[in-house]
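Hi there,

Here is the structure I promised to pass on to you. Have a look at it first, and then read on for what turned up in it.

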Amino acid sequence: MFESVPDQDGKGEEKVGRRVFLASAGAALGGALLWHWRTPHVIAAAAKSEPGIVTIVQFSDAGKRLAKVKIPRVVKTDEEWRKQLPPGSFGITRHADTEFAYSGKYWNLHDKGLYRCICCDNALFSSSTKFDSGTGWPSFWAPLAQENVREVRDTTIGMERIAVSCTECDAHLGHVFDDGPRPTGLRYCMNSASLRFVKAV
Ligand SMILES: [Zn+2]
């Protein structure tokens with residue numbers, strides 16, 4: 001690719017440019033490999049937890065839509081999240097890990113209620129859109145409000161997927177696929193460890 005770069009000041013400068021390029025490419029590759037080795041899904045969830053204002057729709061515990069509000073994004077350090085979260089939730093929500101199928105507490109739950117973010121309490125899903133996907137992960141055909149989840153293209157395991165995270169705090173929740181039931185045809189495949197169920201009373 002460097003052959004196409006105009007070489008205005010002679011070969012010396014071109015050689016330096018090439019060497020710098022190769023060195024940084026090597027470092028980037030090494031970093032990417034290390035990153036992959038540590039946790040395969042982390043890239044999509046990283047680099048987003050910066051202070052800012054987000055728009056979400058608030059819901060009561062009974063599932064009543066309350067108001068659309070602009071609030072500051074919840075940003076905490078890994079250390080703070082680790083202290084706050086139950087065991088098993090930190091790696092999944094903050095570093096985009098995935099729980100084993102059939103290992104979570106909600107894949108087979110059929111109670112009526114809503115599912116909030118384990119990290120920030122943002123209302124994410126309702127039992128009314130939950131369905132048995134046969135995957136071993138809690139699955140929904142729609143979020144409670146589209147504003148409350150963020151969907152980002154994720155190619156970290158060599159296949160194209162759409163990662164789903166919490167708008168309010170950037171917690172990784174799972175992925176969404178297009179093989180779900182009607183009416184949306186979507187399957188939000190979530191980690192139980194990212195959710196907190198609030199039973200309808
Ligand atoms: Zn959240």
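Let's begin with the aromatic rings: rings count as a pair if their centres lie within 6.5 Å, and by this rule there are 7 aromatic pairs. Please keep in mind that this is a predicted model.

One of these pairs is Tyr 115 with Phe 140, arranged edge-to-face, with 5.1 Å from centre to centre and 70° between the planes.

Phe 125 counts as buried because its relative accessible area is 0%, and Phe 140 is buried with a relative accessible area of 0%.

Another ring to look at is Trp 81. Lys 76 lies over its face, 5.0 Å from the ring centre, and the charged end of Arg 94 sits over the ring of Trp 81 at 4.0 Å from its centre.

Next, the metal. Which residues coordinate the zinc ion? They are Cys 117, Cys 120, Cys 166 and Cys 169, each through its SG atom, at 2.3 Å. The angles among the 4 donor atoms run from 100 to 115°, and the site is tetrahedral. For comparison, the ideal angle for four tetrahedral donors is 109.5 degrees. Along the chain, the donors follow the spacing C-x2-C-x45-C-x2-C. Cys 117 and Cys 120 are both buried.

Cys 117 also leads us to a sheet, as its bridge partner in strand 11 is Leu 195. Strand 3 and strand 11 pair in the antiparallel sense over 5 bridges. The open sheet has 3 strands in the order 4-3-11, with antiparallel pairing. Strand 4 and strand 11 (195–199) each have a single partner strand, so they stand at the edges with one side left without a neighbour in the sheet. From one strand to the next, the twist averages 30°.

Enjoy exploring!

Best wishes

Technical notes. Residues numbered from 1 in each chain as written. Predicted model: local features only at pLDDT ≥ 70, side-chain atom pairs only at ≥ 80, totals over all residues. Heavy atoms only, no water. Phe/Tyr/Trp six-rings, centres within 6.5 Å; stacked < 30°, edge-to-face > 60°. Buried < 20%, exposed > 50% of the residue type's maximum accessible area, 1.4 Å probe, protein only. Lys NZ or Arg CZ within 6 Å of the ring centre and 35° of its normal. Donors = N, O, S within 2.8 Å, 3.2 Å for Na, K, Ca; no water. Tetrahedral: all angles 85-135°; square planar, octahedral: opposite > 155°, others 65-115°. Pairing = 2+ DSSP bridges. Helix = DSSP H or I, 4+ residues; strand = E, 2+ residues; numbered from the N terminus. Axes fitted to C-alpha atoms, helices over the stretch in contact; angles between N-to-C directions.
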